[in-house]
Amino acid sequence: MRNLIREGRSNQLQNVMFTNTKEGMQTLETSLAKLVVENTITYEDAMLITAHPKELIRTLESMDKTRVPV
């Protein structure tokens, strides 16, 4: 991660986080989706926080299709 940032390749950070979930890495969208599924925060609040709404929706759909408002 440090090397990617140092080399100015921050556009690759999200892919690295996705491929290293077993090591405990997760994106903000994954964390927000978990909080929505656990009813800790609302879907609307998560959408206000995320920088990548489409990714949040995709993550929620993969976790629990019944949680995403139509």
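Asn39 counts as exposed, because its relative accessibility is 57% and exposed means over 50%. The structure discussed here is a predicted model.

**Asn39 and its loop**

- The loop between helix 3 (28-37) and helix 4 (43-49) contains Asn39.
- Although Asn39 is not a glycine, it has a positive phi of about 60°.

**Thr59 in helix 5**

- Thr59 belongs to helix 5, which comprises residues 53-63.
- Thr59 has a relative accessible area of 8%, and it is therefore buried, since buried means under 20% relative accessible area.
- When neighbours within four places in sequence are left aside, the residues in contact with Thr59 are Glu29, Thr30 and Ala33.

- Which residues of helix 5 are buried? They are Glu55, Leu56, Thr59 and Leu60.
- Viewed down the axis of helix 5, these buried residues fall within an arc of 135°, so they line one face of the helix.
- The exposed residues Lys54 and Ser62 are carried on the face of helix 5 that is turned away from its buried side.

**What covers the buried side**

- The cover over the buried residues of helix 5 includes helix 2 (13-19), helix 3 and helix 4.

Note on methods: Residues numbered from 1 in each chain as written. Predicted model: local features only at pLDDT ≥ 70, side-chain atom pairs only at ≥ 80, totals over all residues. Heavy atoms only, no water. Helix = DSSP H or I, 4+ residues; strand = E, 2+ residues; numbered from the N terminus. Buried < 20%, exposed > 50% of the residue type's maximum accessible area, 1.4 Å probe, protein only. Contact = heavy atoms within 4.5 Å. Arc of directions from axis to C-beta.
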